[in-house]
Amino acid sequence: LKYCRVIFTRFKDLVKYWITFNEINMLLHMSFMGAGIAFTENENKEQVKYTAAHHELIASAKAVKLAHEIIPDSKVGCMLAAGQFYPYSCNPADIWDGLEKDRDNYFFIDVQARGEYPVWSIKRMEKAGINTNFSNEDLETLKNGKVDFVAFSYYSSRCTTADPEIFAKHAKPGNAVFRSVVNPYLKSSEWGWQIDPLGLRVTANTLYDRYQKPLFVVENGLGANDKVESDGSIHDPYRIEYLKAHLLALRDAITEDGIPIMGFTAWGCIDLVSASSGEMKKRYGFIYVDKDDNGKGTLKRSRKDSFYWYKKVIETRGGNLDE
């Protein structure tokens, strides 16, 4: 809160939109990267994770309340790594498995958006032997610190099955966090992330149906191994195709479904080391950075074709998406 007070006070006249925790649900999937948790030997990992989760949720709620006090016209949101889990088949067990996996991702946002723990999460924690004896003060804090909007990252949908044999046969690491069954209806990137523009529309509709709060897409993009031509140009039509398809799906969510989308920011503007793979060659940017996986390079910046295309998207407010 001391940190929040400093930045809210310093930037109150400049910044009106805030997010408390980035991809908060990563705490459950990548505990060290997502929350700095290092488990000790024989420690009850589930208890540690959900205790840390509770602390983050309390911190978020207090930050929201403080932001509204210091910047009355501010909007504070939460943020999750999103992507719908499709059942691999119409087998009811697969449907249930998908629902349960979606709940893992929505757990934090359920609390941040609604101000209380959902009943299913309490039952799940009790069954796992996790202490849920939260103080009345904490529960009141959650109620008073509900977020104003829901932000999310979206790169791909996921697919799951309750059948262990099918899962073992068809599952791949995918995006290095969510091990997923390969969806036969979708193409994949070089790194195995399945490309599903309609899934962005599905995810946006699901989130709005669940929370009835404005949405903000704050990460969306394609990691690819870009090549610099002899004349210095970088042609990345695959990135343009990916972003165009996702922006069109988002436009449909707005115009056809009536979903209130606050904004869209692509990941990312400039090449950097990929968080999921630790590689420089897995590039997301509109701007190429001369640096390889071994740290060698001049750091020279070069604009890719996608840079000029996205510049036009901004200038025309999406008018060139139909070209």
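At what angle do H4 and H5 pack, and how far apart are their axes? The structure is a predicted model, in which local features need pLDDT of at least 70 and side-chain atom pairs count only at pLDDT 80 or more, while totals for chains, interfaces and linings use all residues. Residues are numbered from 1 along each chain as its sequence is written, and side-chain values use heavy atoms, with hydrogens and water left out.

Two packed helices are described by the angle between their axes and the distance between the axes. For H4 and H5 the angle is about 35° and the axes lie 10 Å apart. Axes here are lines fitted to C-alpha atoms, for helices over the stretch in contact, and angles run from 0 to 180 degrees between N-to-C directions. Helices (H or I, at least four residues) and strands (E, at least two) are DSSP runs numbered from the N terminus. The crossing of H4 past H5 is right-handed, meaning that the near helix is turned clockwise from the far one by less than a right angle. H4 contributes Tyr50, Ala53, Leu57 and Ser60 to the contact, and H5 contributes Phe107, Phe108, Val111 and Gln112; contact means heavy atoms within 4.5 Å. Of the residues in this contact of H4 with H5, six are nonpolar, two polar and none charged. In this classification Ala, Val, Leu, Ile, Met, Phe, Trp, Tyr, Cys and Pro are nonpolar, Asp, Glu, Lys and Arg are charged, and the others, Gly among them, are polar.

Val111 belongs to helix H5, which spans residues 92-114. Val111 counts as buried because its relative accessibility is 2%, where buried means under 20% relative accessible area, exposed over 50% and partly exposed in between (1.4 Å probe, protein chains only). Apart from neighbours within four places in sequence, Val111 is in contact with Leu57, Glu116, Tyr117, Pro118 and Leu142. Val147 is 36 residues from Val111 in sequence, and their C-alpha atoms are 9.5 Å apart.

Attention now turns to backbone geometry in the loops. Glu23, in the loop between strand E1 (17-19) and helix H2 (26-29), has a positive phi of about 45° although it is not a glycine. With 17% relative accessibility, Glu23 counts as buried. Asn42, found between helix H3 (31-35) and helix H4 (45-70), also has a positive phi in a residue other than glycine, near 65°. Asn42, by contrast, is exposed, with a relative accessible area of 76%. A cis peptide bond joins Trp267 and Gly268, with omega about -15°; Gly268 sits in the loop between strand E11 (261-264) and strand E12 (287-289).
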